[in-house]
Amino acid sequence: EPATPAAEPVAEAPPAEEAKPLGKIEKLQADAEAGDPRAQFELGLRYAEGEGVKKSPKEAAKWMLRAAQAGLPPAQYRMGVMYERGLGVPRDMGQAKIWYEHAANAGNRKAMYNLAVLLADGSTGKPDYKNAAKWFLGAAELGLKDSQFNIAILYERGLGVEVNLIEAYKWYTAAGVQGDTDAAARATALEGRMPEGDLKLAKQAAADFKAKPMNAAANDVPALD
């Protein structure tokens, strides 16, 4: 009898496709598109820095704006920077001021400082030292070194506030403690201009100064897992 031909091997069925877990960028994109402000913020940062995605100032601004509009103060601060510098959006000092104000009112110290600089420079109109002093002081009390230096200058020169060398000395010293050598030198220079009683008060005020605690949520967005 003819040999029975060998049976053709049966092709194995391919294994059932398992859904692949989304990569970090894909998940971030999905969460951002679903309206998560923290994801929008982080995605905006990634586009700004080219981290895991192709660098795109325009995409960075798009996602940062969404997070800012959702009320995230660090995103509002960054939108202020973007409008001030023309990063991904047209340069617009009026818009920069608006976003800095939102973030500053929420307690973001960098926004307070940048808003104060705009006001002092007259970038959106005439110089407004009174309101600049208010915001420099707010950021200085939260421990921002550059703001401590600037409010000291305003107190020394009487810009937006009454001349007050005791306050000027205190704030120059606070900035100096944080490593601002120019501020430390200015504090030393003031010592020769102050009556002994005032200098004693100034040194005590400097020694007593402690920065106010920051509202963490207004100043930082923890990285998403």
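A pocket is taken here as an open set of grid points with protein on both sides within 12 Å along at least five of seven lines, and its lining residues are those with an atom within 4 Å of a point. In this predicted model, the second largest pocket is lined by F41, L45, P74, Y77, R78, N108, R109, K110, M214, N219, D220 and V221. The space in this second largest pocket amounts to about 210 Å³. Helices α2, α4 and α6 each contribute at least two residues to its lining, and α4 gives the most, with three residues. Sorted by class, the lining of the second largest pocket holds six nonpolar, two polar and four charged residues.

The largest pocket has a volume of about 250 Å³. It is lined by 14 residues, of which A48, R78, V81, M82 and L87 are the closest to its centre. Two or more lining residues come from each of α2 (37-49), α3 (57-69) and α4 (73-85). The lining of the largest pocket comprises eight nonpolar, two polar and four charged residues.

Attention now turns to how the helices pack. Two packed helices are described by the angle between their axes and the distance between the axes. For helix α1 (residues 24-33) and α2, the axes come within 8 Å and cross at roughly 130°. Angles over 145 degrees count as roughly antiparallel and 65 to 115 as roughly perpendicular, so α1 is oblique to α2. The crossing of this pair is left-handed. On the α1 side, the contact is made by K24, I25, L28, Q29, D31 and A32, and these face A39, Q40, E42, L43, R46 and Y47 of α2. The contact of α1 with α2 is made up of six nonpolar, two polar and four charged residues.

Helix α2 also packs on α3, at an angle of about 160° and with the axes 7 Å apart. That angle makes α2 roughly antiparallel to α3. Here too the crossing is left-handed. From α2, the residues P37, Q40, F41, L43, G44, L45, Y47 and A48 meet P57, E59, A60, W63, M64, R66 and A67 of α3. Eleven nonpolar, two polar and two charged residues form the contact of α2 with α3.

The crossing of α6 and α7 is left-handed. R109, M112, Y113, L115, A116, V117, L119 and A120 of α6 are in contact with Y129, N131, A132, W135, F136, G138 and A139 of α7. By class, the contact of α6 with α7 divides into twelve nonpolar residues, two polar and one charged.

How values were computed: Residues are numbered from 1 along each chain as its sequence is written. This is a predicted model: local features need pLDDT of at least 70, side-chain atom pairs count only at pLDDT 80 or more; totals for chains, interfaces and linings use all residues. Side-chain values use heavy atoms; hydrogens and water are left out. A crossing is left-handed if the near helix is turned anticlockwise from the far one by less than a right angle, and right-handed if clockwise. Helices (H or I, at least four residues) and strands (E, at least two) are DSSP runs, numbered from the N terminus. Contact means heavy atoms within 4.5 Å. Ala, Val, Leu, Ile, Met, Phe, Trp, Tyr, Cys and Pro count as nonpolar, Asp, Glu, Lys and Arg as charged, and the others, Gly among them, as polar. On a 1 Å grid over the protein atoms alone, a cavity is a set of points where a 1.4 Å probe fits but cannot get out, and a pocket is an open set with protein on both sides within 12 Å along at least five of seven lines; lining residues have an atom within 4 Å of a point. Grid points are joined across faces, edges and corners, and a volume is the space filled by probe spheres set on the points. Axes are lines fitted to C-alpha atoms, for helices over the stretch in contact, and angles run from 0 to 180 degrees between N-to-C directions. Angles under 35 degrees count as roughly parallel, over 145 as roughly antiparallel, 65 to 115 as roughly perpendicular and the rest as oblique.
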